[in-house]
Amino acid sequence: MANPHAGEVALVVDGKRQVLKLTLGALAELEEQLEADGLPALVERFEAGGFRARDVLALLCAGLRGGGWTGAPGDLARAEIEGGPLEAARVAARLLVLAFRPPA
């Protein structure tokens, strides 16, 4: 079960429930892959609705890796995501929110 207090989100990929989490290593990988001007720029893109499919894929892949998944971005690009692209974008945005929210 995903624990939002630990920054975790769940997503069903190819019929299997996966837990995603943006660890520091996953965030570093994400920053490099997206060639973003820092993570705040990525957060701003999501908040403004200006994100791209590539952003969603990279965020999900980083989150999956942070949750222990060992697949490659190409594996995720070909995967069936329960809820489709809209659910994928929602989960990606939720990952960012949880990763950057101040502690309670």
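The points below go from the hairpin to the helices, the core and the charged pairs.

1. A word on the source before anything else: this is a predicted model.

2. Start with the hairpin. Strand E1 covers residues 8-13 and strand E2 covers residues 16-21, and the two run antiparallel with six bridges between them. Val-13 sits across from Lys-16 of E2. Two residues separate the strands, and one to look at in the turn is Asp-14, which has a positive phi of about 50°.

3. Next, helix H3, which takes up residues 53-66. Its 14 residues span 20 Å from first C-alpha to last, close to the 20 Å expected at 1.5 Å a residue. After H3 comes Gly-68, again with a positive phi, this one near 105°.

4. What does H3 pack against? Its buried residues pack against both strands, E1 and E2, and against helices H1 (24-34), H2 (39-47), H4 (73-78) and H5 (84-100). The buried set in H3 is Asp-55, Val-56, Ala-58, Leu-59, Leu-60, Cys-61, Ala-62, Gly-63 and Leu-64.

5. Now the core. The largest nonpolar core has 31 residues, and those touching the most other members are Leu-22, Leu-30, Leu-42, Leu-59, Leu-60 and Leu-76. E1, H1, H2, H3 and H5 each give two or more residues to this core. As background, nonpolar side chains in soluble globular proteins tend to be buried together.

6. Setting aside residues up to four places away in sequence, Leu-30 touches Leu-39, Leu-42, Ala-58, Leu-59 and Ala-62. Of these, Ala-58, Leu-59 and Ala-62 are also among the buried residues of H3.

7. Asp-55 belongs to helix H3 and is buried, at 0% relative accessible area. Which residues does Asp-55 contact, leaving aside neighbours within four places in sequence? They are Leu-34, Leu-42, Arg-45 and Phe-46.

8. Asp-55 also has two links to Arg-52. Their side chains form a salt bridge at 3.4 Å, N to O, and the backbone nitrogen of Arg-52 is 2.8 Å from a polar side-chain atom of Asp-55.

9. How many salt bridges does the structure hold? There are four. One of them joins the side chains of Arg-65 and Glu-29, at 2.3 Å from N to O. Arg-65 is in H3 and Glu-29 is in H1, so this pair ties together parts that are 36 residues apart in sequence. Both are partly exposed, Arg-65 with a relative accessible area of 30% and Glu-29 with 26%.

10. Finally, a pair within H4. The side chains of Asp-75 and Arg-78 meet in a salt bridge at 3.2 Å, N to O. Being three residues apart in this helix, Asp-75 and Arg-78 are separated by about one helical turn. Asp-75 is partly exposed at 36% relative accessible area, while Arg-78 is exposed at 65%.

Key
Residues are numbered from 1 along each chain as its sequence is written. This is a predicted model: local features need pLDDT of at least 70, side-chain atom pairs count only at pLDDT 80 or more; totals for chains, interfaces and linings use all residues. Side-chain values use heavy atoms; hydrogens and water are left out. Two strands pair if DSSP finds at least two bridges between them. Helices (H or I, at least four residues) and strands (E, at least two) are DSSP runs, numbered from the N terminus. The expected span of a helix is 1.5 Å times one less than its number of residues. Buried means under 20% relative accessible area, exposed over 50%, partly exposed in between (1.4 Å probe, protein chains only). Contact means heavy atoms within 4.5 Å. A nonpolar core is a set of buried Ala, Val, Leu, Ile, Met, Phe, Trp, Tyr and Cys residues joined through side-chain atoms within 4.5 Å. A polar contact is a pair of N or O atoms within 3.5 Å; within protein, one must be able to donate a hydrogen and the other to accept it, and residues adjacent in sequence count only if both atoms are side-chain atoms.
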